[in-house]
Amino acid sequence: MQLTVRNLSKRYANGVQALDHVSLTVPPGMFGLLGPNGAGKSTLMRTLATLQSADEGTAHLGDIDILREPDRIRGLLGYLPQDFGVYPKVTAVELLDHLARLKGLVDAKTRRATVDALLERVNLAAVRKQKLGGFSGGMRQRFGIAQALLGNPKLVIVDEPTAGLDPEERVRFHNLLADIASDVVVILSTHIVGDVEDLCSHLAVIDKGRVLVAGEPAALVAAVRGRIWRKVVAKHEAAALKGQ
Ligand code: ADP
């Protein structure tokens, strides 16, 4: 299933045009949405996650109209918001079980098996009985991915997931995302180029609510070849080179 966004626009009540005719085609796999703070990434993510409306435009996952059939898409959606809050006094297994119930996994046996498998997958099985309040940022984000994967979603949206992670946790988190992206649309928003360059088969660069470029990373790099240089120089040579 592929995600198709056409001419999506959103202006907030304060007059900010957060999305300005955004069109994107997102195939299964990992898709990077790259842009500076305030570019409109979260607005797009929240709209696709059916949490807010758009002024105009359409978004489809396969034949599902995301904006008009929110209940249909919610059953196929996994979402890790930018600020993923946890109940600090509850254990990992308890909260995941609770969220699984909310997601519709009503059969206790199936639910337990799903929860255990997900905690294993995100490498939190050993700390399943620990309270979430004691989790590190990286552990919390991995827990966030586990809850996003409940119910085998076909569209997974993760909003700035690596902010605040140390380098080791960032790599671990990247590997986890790459692992789930085989037959699912995964959209990862970030302002960090390193998050998308190795990981994403497709990406779009967004700024001021507009898509500036979209495509495969290698093709995008090829398009600017011969126009961008990188060189290591001594500090006293830098000013002269910049002038050229
Ligand atoms: P990003 O996720 O790329 O940082 P956002 O989608 O959060 O960008 O924000 C895009 C623009 O919309 C920013 O200028 C931001 O200040 C503005 N914005 C975001 N949410 C709201 C809101 N609820 N009300 C008014 N303006 C908002």
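Before the cavity, one definition: a cavity is a set of grid points where a 1.4 Å probe fits but cannot get out, and a residue lines it if it has an atom within 4 Å of a point. Please keep in mind that this is a predicted model.

With that in hand, how many cavities of 30 Å³ or more does the structure hold? There is one. The space in the largest cavity comes to about 40 Å³. Its lining consists of L3, V5, L24, V26, F31, L33, L44, L48 and I187. By element, at least two lining residues come from each of β1 (3–11), β2 (17–26), β3 (29–34) and α1 (41–48). As for class, the lining has nine nonpolar residues, no polar and no charged.

The largest pocket has a volume of about 560 Å³. Seventeen is the count to remember here: 17 residues line the largest pocket, and P217, L220, V221, V224 and I228 lie nearest its centre. Two or more lining residues come from each of α7 (193–197), β9 (202–207) and α8 (217–223). Which element gives the most to this lining? That is α8, with four residues. The lining of the largest pocket divides into 13 nonpolar, one polar and three charged residues.

The second largest pocket holds about 340 Å³ of space. It is lined by 15 residues, and those closest to its centre are L77, G78, Y79, K103 and Q147. β6 (77–80), α3 and α5 supply at least two lining residues each, and β6 gives the most, with three. In this second lining, ten residues are nonpolar, three are polar and two are charged.

In general, two packed helices are described by the angle between their axes and the distance between the axes. Helix α3 covers residues 92–102 and helix α5 covers residues 137–148; their axes are 10 Å apart, at an angle of about 30°. Angles under 35 degrees count as roughly parallel, so α3 and α5 are roughly parallel to each other. The crossing in which α3 passes α5 is right-handed. On the α3 side the contact residues are A92, L95, L96 and L99, and they meet F143, A146 and Q147 in α5. Six residues of this contact are nonpolar, one is polar and none is charged.

From α3, the residues A92, V93, L96, D97, A100 and R101 meet R111, V115, D116, L118 and L119 in α4. This contact has seven nonpolar residues, no polar and four charged.

One last point on α3.

Technical notes. Residues numbered from 1 in each chain as written. Predicted model: local features only at pLDDT ≥ 70, side-chain atom pairs only at ≥ 80, totals over all residues. Heavy atoms only, no water. Axes fitted to C-alpha atoms, helices over the stretch in contact; angles between N-to-C directions. Parallel < 35°, antiparallel > 145°, perpendicular 65-115°, else oblique. Left-handed = near helix turned anticlockwise from the far one by under 90°. Contact = heavy atoms within 4.5 Å. Nonpolar A, V, L, I, M, F, W, Y, C, P; charged D, E, K, R; others polar. 1 Å grid on protein atoms, 1.4 Å probe; cavity = no way out; pocket = protein on both sides within 12 Å on 5 of 7 lines; lining within 4 Å. Points joined across faces, edges and corners; volume = space filled by probe spheres on them.
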